[in-house]
Amino acid sequence: MIFSPNPTRLRRQAALLILACSAQFAHADDGDAINPDRPNVANSSQVVGHGRVQLEIGVDWDRQRDDDLHVRTLSTPALLRIGLGDTTELRVETDGRSIEHGVDPLTRERTTSAGWNATSIGVKWHFADGEGAHPALGLIGTMALPSGSSALRVAGVLPQLVLAAEWDLPKGWSLAVTPGAGADVDDDGARYRYGILAVSLGKKFTERLQGFLEVAAPQIASASHGGDRMQVDAGVSWRLNRNCQVDAMVVRGLNKNTPDLGLAFGLSVRR
């Protein structure tokens, strides 16, 4: 795991992140700005750059209300990106700590469960720059490893591959499309394949403030394997300096397989 549950260590990490956001690093003079992959489903085709290290962390909350159970879940996703070259990066990712609160709507009985999610390791390769009608392109391959708490541990190695395509549009608009595919294991232990598709329309309001509106299907699968998950989300990001950005997002589920409401808040830093 990227983070330790030790409270003292967590406080030290938080202090370091605050310090990182209050200062300009030595790399800040080379004219570029941080470009995180969070918080939405669609990914950027860009990599962090040779020799750079970028950390993207957040707090996600979602709510799902079914006839049998009402569930609220809090998680702490994290993504560490390490530049291996001008066009490639190493990625280590986890949903971190998850705490789930359930309520039976009939009996009002309450349950709580918590655990650490699995860790994924992968690589992003930026293989085409955008020009005119041609998008910038990147390929992201990851493998979820059999790690985490026993209740959340994945069975075997689960691969995922997505294509990140981006178009720069007039007047500060942009379009990102991210199709992909992966493998997972359902509640019965059966391995299955699923699809991914996200379309995100972005708007640059100022040099620091950006927004987006997205329609996404994080999972496209048969009903026997959990069915399709579909959502619409919108968010904003505020760049504090070239190496630090904060973000916020609200998510609305579009079908019964998706949490009906979600919120996300995040912080991204690099050096």
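View 1. Arginine 65 counts as exposed because its relative accessibility is 53%; exposed means over 50% relative accessible area, buried under 20%, and partly exposed in between (1.4 Å probe, protein chains only). Before we look further, note that this is a predicted model, in which local features need pLDDT of at least 70 and side-chain atom pairs count only at pLDDT 80 or more, while totals for chains, interfaces and linings use all residues. Residues are numbered from 1 along each chain as its sequence is written, and side-chain values use heavy atoms, with hydrogens and water left out. Arginine 65 sits in strand β1 (residues 53-65); helices (H or I, at least four residues) and strands (E, at least two) are DSSP runs, numbered from the N terminus. Together, Arg65, Arg72, Arg108 and Arg110 form a positive surface patch. Patches take residues with over 30% relative accessible area and no salt bridge, and like charges are joined within 9 Å, while nonpolar side chains (Val, Leu, Ile, Met, Phe, Trp, Tyr) are joined within 5 Å.

**View 2. Strand β7 and its two partners.** Two strands pair if DSSP finds at least two bridges between them. Strand β7 (residues 119-128) pairs with strand β4 (residues 88-94) in the antiparallel sense, over seven bridges. Look for threonine 88, which stands opposite tryptophan 125 in β7. Strand β8 (residues 136-144) also runs antiparallel to β7, and eight bridges join them. Here, isoleucine 121 has methionine 143 in β8 as its bridge partner.

View 3. Most residues other than glycine have a negative phi, and most peptide bonds are trans. Arginine 38 and proline 39, however, are joined by a cis peptide bond, with omega about 5 degrees. Proline 39 belongs to the loop between α1 (7-21) and β1. Arginine 108 has a positive phi, near 65 degrees, and lies in the loop between β5 (97-103) and β6 (110-116). With 48% relative accessibility, arginine 108 counts as partly exposed. Lysine 171 also has a positive phi, near 60 degrees, and its place is the loop between β9 (158-168) and β10 (173-185). Lysine 171 is exposed, at a relative accessible area of 76%.

**View 4. Aspartate 32 meets arginine 270.** A salt bridge is a side-chain nitrogen of Lys or Arg within 4 Å of a carboxyl oxygen of Asp or Glu, and by this rule the count comes to eleven. One of them joins aspartate 32 and arginine 270, whose closest N and O atoms are 3.3 Å apart. Aspartate 32 is in the loop between α1 and β1 and arginine 270 is in strand β15 (residues 261-270), so this pair ties together parts 238 residues apart in sequence. Aspartate 32 is partly exposed, at 29% relative accessibility, whereas arginine 270 is buried, at 4%.

**View 5. Aspartate 37 in a salt-bridge network.** Which residues does the network link? Its members are Asp37, Glu56, Arg81, Glu89, Arg91 and Lys124. Arginine 91 and aspartate 37 meet in a salt bridge of 2.8 Å, N to O. This pair links distant parts of the chain, 54 residues apart: arginine 91 is in strand β4 and aspartate 37 in the loop between α1 and β1. Both of these residues are buried. Aspartate 37 also forms a salt bridge with lysine 124, with the closest N and O atoms 3.0 Å apart. Lysine 124 is in strand β7, 87 residues from aspartate 37 in the chain. Aspartate 37 and lysine 124 are both buried.

How values were computed:
Accessible areas come from the Shrake-Rupley method with a 1.4 Å probe; for residues, only the protein chains shown count as cover. Lys and Arg count as positive and Asp and Glu as negative; His and the chain ends are not counted. The place of a charge is taken as NZ of Lys, CZ of Arg, CG of Asp or CD of Glu.
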